[in-house]
Structure formats: C-alpha cells, structure tokens
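This briefing concerns the structure shown below.

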Amino acid sequence: MGGPDRPGHDDHNERREMLTMIVKRLAMAIPSLIGVVVVTFLLTRALPGDPAVYFAGPAATPQAIQQVRVNLGLDKPLIEQFGRYVVDLAHGNLGTSLTTGQPVATELRNRLPASAELTLLGLIVSIVIAVPLGIVAATKPNSLIDQACRVISTAGVSLPVFFTGLILVYVFYYLLGWAPAPLGRLDVFYTEPPHVTGFYLIDSLIAGDPGTFMASLKQLILPALTLAIFSLAPITRMTRASMLAVLSSDFVRTARASGLSAYTVIITYAFRNAMLPVITTLGMVFSFLLGANVLVEKVFAWPGIGSYAVEALLASDFAPVQGFVLTMAVMYVMLNLLIDILYGLIDPRVRLEA
Amino acid sequence: MTPAPALSVEGLSVEFRTRSGAVRALENVSFRVAKGETVALVGESGSGKSVTAYAVMGILDPAGRVTAGRAMLGDLDLLAATPKELANVRGRKIAMIFQNPRTALNPIRPVGRQIADVLICHGNVSRRAAPAQAVEMLRAVGITDPARRAKAYPFEMSGGMCQRVMIAIALAAKPTLLIADEPTTGLDVTTQAVIMDLINDLAKELGMATIFITHDLALAGQRSARIVVMHAGHVVENAPTADLFANPRHPYTAELIAATPDSAASLDELAAIAGSLPDLRRADLPPCRYSERCPRKIAACAQPLPLAAPDAAHFVACWNPLPAQVVVAPTVSAA
C-alpha cells in the first residue's frame, strides 16, 4: 500500500481538523485587513474635493476654511492623520460624519441590518430558484427546462440592476399597483418593530405583529427580486455546469451501476460533489450583490449602508466612506471564512490541507 | 454449454451520435455467459468491450443508443426493460466493477457508507443494520481493520484497497453476474494478481458468472473459461480458452496471440499488428472491419460476415479463417 495511509478518523479528530482550519484562515485574514485599512485611508485622501472648503460653506473666507481644516486635523502630515485614524479604529471609533454629525459606527450599525436583510433575501430567492433549475437542466440536457435555463443565464447577465429595478417599479407599482411605493423599508402607516436583530421580517415576527411583517415583506419583494434576478444567472449556470461535470464522472457511473435510486444518485452522490464550485460562486455572487446593493438602495430609497456611502462620497465626507469600505472588507473576509468552513464540512480533503 | 445461460447477448448494435457523424460502435455483437462461468471480452482499446458492458448495464452515455439486439438475463431483455425493471436488476442481479477504482468511488463519502447505500437500496438490510453489514463486507474482501477503514474516504486508501471496496459494493447484493471492466488497470502488478484472485474466489463462492473485460490476452487466458475476441465493434472469434490459444482461427486472434509477450521468446519475435482500428464514422466501412489490416484478405471478404448460431462452440467471423486443427492438450489452464 503506497502513499500516506490515514484510515478512518473519528468525530473528535474531524472536529479538531475543522477548528485548526478556522483558526488558520482567521490568521490569514489579518494581513488583508491591514491592507484594507491602509488602502481605504489613502484612497479617501486621494479623492477629489477639499472637505474643508465643502464644510466651511460657499461664503467662507480663506481664514475660516483654514480654521475648519485645523479643526478636522487635515493640516497635519498624512502619516500623523493615519496614526490617529488607526488609534481611533482600535477604540472602535470610525469617526464622525461631517454631514450628519453622527458617529459613523452608530450609523453603520443602524443601517447594516437594512442592507443585510435585503441582500440575504435576494440571495435566498435566487438560490431557491437557481439551484433546482440548474440540477434539472443538467439531468435533462436540451429539455425545455434546459432551454429556459439558458435564456435566464443570458438575460440575467445582460440586465443591469438599476434597469431591472426601475422596470419592476414601473410595472408592479406604477402600472399594476400591486407593490407599494418604493420608499424605504416600511410604509409610513407602520412603525418599525422593536429592535432585536434589525431584520424587520424577523423582529416583527418576534413582536407577534403580522401586519408589520406583511408590510415590510411587501416593501422588500421588489428590491429583493431585483437582486435575485441579477444573481440568478451565475448561480444557475454554475450549478448546471458543475452538475454536468459530476454526472459524467466515474463515481456517478458506479452509483448508477450499483442500482442506487435516481434520487440518491443525483442528490446524495452528484449534487453534494457539485456543490463545491456552486458555493464558491455563491460567495462571489454575494460580494457582487453587496456592490449592486448601492444602486438598488438608491432606486428603492432603501436606508442601507450603500445609499449612506454614496451620499457621503458625493459630499467628500471621508469618515463614512472609510467606514463603509472597511465594513465591506470585513464582510468579505467573514464570507470567505464561511465558504472555507462549508468546504471543509462537505469535502474531507479540504480539511486535511489546512 | 449449459442450456440456460446467465446472460445471452444477441445481435447487439450500438451507435453514438457525434458532431462528425454517427459512430457505429457495436455491430451485431452476440455471446453467451453460462451460469458460474467466466467469459473474457478481449480486444484493443476502442474495440467496444466496455460499450458492450455499459449497454447491458443500461449506463451508456446519453449520446449512445442501442439500435438493435437483445440482452437476455433469464426472461428479462435488459435492452427493452423499463427503468423500474432495470432498477430491480442493476446492482442486485448484475453488478459491475470498473477500472481506476480511485475515481470510481464517491470522493466525499466514507467507503463504509457507500457500501451501506447499496445494501439499503436493495432492501436486504435495514438502515440501522447496514453500517455493521458494510463492515462485514469490507472484511469479506480482505480489508484489515474493517471497522476503522469503513469510516475512511477513498483518498485515504491505496488503489488496491479502493478496488476491494468496489468489489464489496458490487457484491453487496450477491448478484448472479459480475462484469469486471479492466478491474486491475491502474494497480501495480502484485496487487493485480491479488485482486484477480479475490474476484475469482468470491465468484466461485457465490456461484456467480463473470464477464471479465481486458485488453490483456494472457491474463484472459489465465482467468477465463471462454474468450470472446472483439475488434472495432465486432465479435471476431468466440471460443473456449484452451481451444482459442491452441487453434486461433481468425487472423486477428492469431496476430493478437503472436503479439502477446508470453508467447514470444524474444523481443524480436514479438509481433506488432499492422495498421490501426478503422474510423467507425466512415460510411464505406467494409463488412469485415479487419479486412483492411488483414493479411489473408480474399474477394469473399466484401460479402456480409458469416453469422453463427449463438451456441456454436467455436465461432469465427471470417471468410478465410486459419485452418481448423486437431486440438492438442492445452498448455494454458482455464481458471
């Protein structure tokens, strides 16, 4: 018997392998986070526009502008400004927005659930449609469903989100009147549910308030659908391609030859193996969605972190932009960690590499 | 030959649709496997050995289509069976083991569970008892410390062990016919012999008929009672092993035997067969697909090939075969 021979490991061993992997991946994330802090700081400083001029107002004298600049600490050398920024960060202080006067950390914390609820719902809708569609398309090549799958893949990638968003609003709000006005998370007649998770759907259920649940769901449907349509294409395509590859592999042939049921062959044997590339795609799609969010939030007046960042960017307001980019970076890192963990759960070979 | 064969393949033809036209991969393939008998399908790569097996198992690639023929397993024609009838037979009455055991096993499922899946599926074992039964199967195929190995994944095992697991999966439901498709390809030589012995022993123990697919004529000679020689999708010769070696009648078989290292005294004597397999997409394929490589070609070769009764003891698909001889005592033993 050649090669390393590591026969059957027990559950305890498996859990330790997973834990080692998670710790290692977390440690690997630290350098990228440091990089993000440096880059966001430099990028926001490199933006055109002088915040001191902007905030001193149009009628300000050069002296007043200078005064604002000193107050903001913008007269200091770049390296000193960076030092302060890092010290503040270490204390959990992301600075204060110059336009709203609110601490950035507080605003992000208040607005993040709105974005997260929207993005997650969009992703879930998309997965629920795309994954079964991809599986059926792969098991019945050239069938009607396979053709539909191809149309969706092509249409989905060629429609920009703001366009689908506007079309949906036009049809379902303006023409048909089925959807409520695209103005934020909740109709004015409802009050927001008591804050537990920040997700209105979950919070309203916790509060036992079906009226608010339905109202917030109605607001969510169109923007979530916009995001779902956007992400449908890559997920369907990847599921189909990955399933096709696995279905023609040797071990699926073995499973068929040993007379296992179609369900066992397709789901337990083929799909579980085909899931790995699909999960990678999901991670990528989720990060695209975070970006697409900025536009969708604008179209639907959604009070999320995307619209917050856009407004701050237009006002040359450094702190919120830095805070936004940092939040996104942390989310990407967490997301990748989550994907690695899922990989490890599905594929025993990944656990070993760690 | 026993009156009721375990499997009787009659006139099987298979076609593959490709971008560059239809490939007539099998044409009028017929052979029988008696109960408990080991029959070898021998031929070079692309001769249609595996396609024959896949067609019988109903696991042809979607591009492949059975255009004619029957494959009788008892009273059931496998080629005309409904999916439900096939599901009832596959893995339960006919099982198959494949080449490259490492890739033929599910890479992310512990091997014990893969065996248990088959046990549960064929209903002879309850879900709860299956894992223990799977461990017993591993023990039966000679894996040491089976309880621990049952939890291992294929990548944690050697190729030989993976093939033992494959055998355990195939034999889980105690089939009456086993198809072994180059079961020793990709294994080292010492493991090859051990795996072949294991298959032989288990087949004997279960009274199972075996179709052994190989390109290695010498190995087929050691392991089978009857050899079916295939060339370019045709059965060219079908004879009891000893008879075939002593008295090969098809020119291709004769050249194959001459090209077998065992029979040549030195490398210089080792013959190569001239030419290569014809392109099966050609519209103008001659009736005998070997005729273009054949040293004994005559005018009659342009006629359709001679058909033989499926139970003929020594069948040869040739208009100008080598002369029949009186069979002398064979030196090659039939397993």
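In which helix of chain A does Ile34(A) lie? Ile34(A) lies in helix 1 of chain A; helices (H or I, at least four residues) and strands (E, at least two) are DSSP runs, numbered from the N terminus. This is a predicted model, in which local features need pLDDT of at least 70 and side-chain atom pairs count only at pLDDT 80 or more, while totals for chains, interfaces and linings use all residues. Residues are numbered from 1 along each chain as its sequence is written, chains are lettered from A in the order in which they are written, and side-chain values use heavy atoms, leaving out hydrogens and water.

**Chain A overall**

- Chain A has 14 helices and 0 strands.
- The C-alpha trace of chain A spans about 85 × 60 × 40 Å along its principal axes.
- Of the 354 residues in chain A, 43% are buried (under 20% relative accessible area; exposed is over 50% and partly exposed lies in between, with a 1.4 Å probe and protein chains only).
- For chain A, 73% of the contacts between residues at least 6 apart in sequence join residues at least 24 apart, a contact being heavy atoms within 4.5 Å.

**Aromatic pairs**

- Over all chains there are 7 aromatic pairs; rings of Phe, Tyr and Trp (its six-membered ring) pair if their centres lie within 6.5 Å, with planes under 30 degrees apart counted as stacked, over 60 as edge-to-face and the rest as tilted.
- Phe41(A) and Phe82(A) form an edge-to-face pair, at 5.0 Å centre to centre and 65 degrees between the planes.
- This pair links helix 1 (residues 11–46) to helix 4 (residues 78–90) of chain A, and its members are 41 residues apart.
- Phe41(A) has 1% relative accessibility and therefore counts as buried.
- Tyr54(B) and Phe98(B) are a tilted pair, because their ring centres are 6.4 Å apart and their planes stand at 50 degrees.
- Both Tyr54(B) and Phe98(B) are buried.
- Phe41(A), Phe82(A) and Tyr85(A) belong to one aromatic cluster.

**Charge over a ring**

- Arg185(A) sits over the face of Tyr200(A), 3.7 Å from the ring centre; the criterion is NZ of Lys or CZ of Arg within 6 Å of the ring centre and within 35 degrees of the ring normal.

**Surface**

- Ile34(A) counts as exposed because its relative accessibility is 53%.
- A nonpolar surface patch of about 620 Å² includes Ile34(A), Val38(A) and Leu78(A); patch residues have over 30% relative accessible area and no salt bridge, with like charges joined within 9 Å and nonpolar side chains (Val, Leu, Ile, Met, Phe, Trp, Tyr) within 5 Å. A salt bridge is a side-chain nitrogen of Lys or Arg within 4 Å of a carboxyl oxygen of Asp or Glu.
- Helix 1 of chain A gives the most to this patch, with 6 residues.

How values were computed
Areas by Shrake-Rupley, 256 points an atom, 1.4 Å probe, with all protein chains shown as cover.
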